[in-house]
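Subject: Structure handover

Hello,

Here is the structure I said I would pass on. Please open it next to this email and follow along.

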Amino acid sequence: MTLYEQIYLSIKKDIQSGLLKSGQKLPSKRRHAFDLGVSINTVDAAYSQLQSEGYIIMRPKSGCYVAKLDPLQHIELTHEHTEQKSHDFAYDIDFSPSDVDTENFPYALWRKLLRQNFDEIDPFLLKSPDYQGDIALRTAICAYLSQSRNIEADPQYLVIGNSTAALLRCICGMLGNTHVLASENPVYNTAYSIFSAMGGSCISIDAVSTSKLVKNLEDSNADIFYVTPSHQFPLGHSLPLATRIELLNWAAKDDRYIIEDDYDSEFRYSSKPLLPIRSMDKNGKVIYIGTFSKSISPSLKLSYALLPPSLMKIFREKGRLYLSSVSRLEQNVVHSFMSGGYFERHLNRMRNIYRKKRQHLVSLLSQHRQVEILGENAGHHILIRIKGLSESQMVELAKIEKIRVYPVSSYFIGDVESKYESSVLLGYGALSEKQIEEGVKRLMKVWGV
């Protein structure tokens, strides 16, 4: 800290504490400099800083005086001591269902695209992005949806946001709180939390039995339904074609909409990806949400929503109030990644990598007859059930081995369906085959399987 800063802070503290009173004259710069053994310029710099902040006033041919300031009111705050959950526990192996493979990310290519897109002569790069998203990226995403998901997508109806959560908040804000929103149960809990927090009525519909899904929806008074039909999270099954048609017929009545979250549809290993409900929608009733968090990286924070034409007027009126945009640079890089053909090649490569990881995990678990594997051959996680162990026992015993598994009960609204009472999620996306093997070995031992 410089000398002038020390002098400035000392006088400021004396003024704030009341030691120097309003209207009190300060020593002249020359006198103060002599008393402190410093140069006049040093004191002048300190006085100038105090003057600029309003602590002192300088009167010509008179000197420096303490300014008249209202005393700062001090309010005694009571701090509630709430116990915080510790996230510092060090796990050796984390079977996270949300993490992705980082070893095979195309780092060199991504650096190259970043350099190419960070053009200092681009006059638009550092400006605020279009609140709906960059038109070039929206066009590229629409081309991808047309080719891979059989969706007739128009860029004017596509919206880019910095996460699926941001898009869900935007959609809820647009639709208002006069609707009754239903979510499948169990459900991606962030989505349910957003729906509940936005002020409208929110209910849950049993998604365990797909044959009863639409009947349960009809029996409710819901007019908006949130669903993950291609790979139900967290149970892992897909919605049959007949149920998808029933859902579309339900939505065709009155002012109803389906929010379709197609979060990891790119990763299906035994067959082609199932076509989304939006691809069958002829009445403009499906709000389709996609993301790059699984296909590229969760840290990218880039998702998109394809809105029905009927909602675009509302979006232009209210959308910018709720939506968080993505930086131009990130949008430009993703556009280059897609338009250059790199995204398609990356998907094909990662699909093979995840397929091998899943096969390895399933093969290891299948050697133990007490282990039941649930869910379809897709995504980044599986669901398992162990006979004779409760969910909490499985989680706590795994923690003893410093292995993290994920309870399925945290995704249920209310009571857990009996079929899934003793089940946990095992994600494999971020783990190597060696880690998977070590993790399964230690889990089977501690679970007594």
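In this predicted model, the side chains of Lys12 and Glu53 form a salt bridge, with 3.9 Å from N to O. The term salt bridge is used when a side-chain nitrogen of Lys or Arg lies within 4 Å of a carboxyl oxygen of Asp or Glu. The two residues are 41 residues apart and link distant parts of the chain: Lys12 sits in helix H1 (residues 3-17), and Glu53 in the loop between helix H3 (40-52) and strand S1 (56-59). Helices (H or I, at least four residues) and strands (E, at least two) are DSSP runs, numbered from the N terminus. Over the whole structure, the search finds 13 salt bridges.

On the reading of the model: residues are numbered from 1 along each chain as its sequence is written, and side-chain values use heavy atoms, with hydrogens and water left out. Because the model is predicted, local features need pLDDT of at least 70 and side-chain atom pairs count only at pLDDT 80 or more, while totals for chains, interfaces and linings use all residues.

Next, a sheet. Four strands form an open sheet in the order S11-S12-S15-S14, with antiparallel pairing; two strands pair if DSSP finds at least two bridges between them. S11 and S14 (406-407) stand at the edges with a single partner strand each, so one side of each has no neighbour in the sheet. Helix H13 (residues 391-400) packs on the sheet and touches S12, S14 and S15, where contact means heavy atoms within 4.5 Å. The direction of H13 makes about 40° with that of S15; angles run from 0 to 180 degrees between N-to-C directions, and axes are lines fitted to C-alpha atoms, for helices over the stretch in contact.

Strand S11 (residues 371-374) is joined to S12 (residues 381-386) by 4 bridges, and Leu374 stands opposite Leu383 in S12. S11 and S12 form a hairpin with 6 residues between them, and Gly375 in the turn has a positive phi of about 100°. S14 and S15 (residues 423-427) pair over 2 bridges, with Tyr406 opposite Leu425 in S15.

Last, a helix pair. The axes of H6 (residues 164-175) and H7 (residues 189-197) come within 10 Å and cross at roughly 30°. H6 and H7 are therefore roughly parallel, a term for angles under 35 degrees. The contact is made by Ala165, Leu168, Arg169 and Cys172 of H6 and Thr190, Ala191, Ile194 and Phe195 of H7.

Regards

Key: Parallel < 35°, antiparallel > 145°, perpendicular 65-115°, else oblique.
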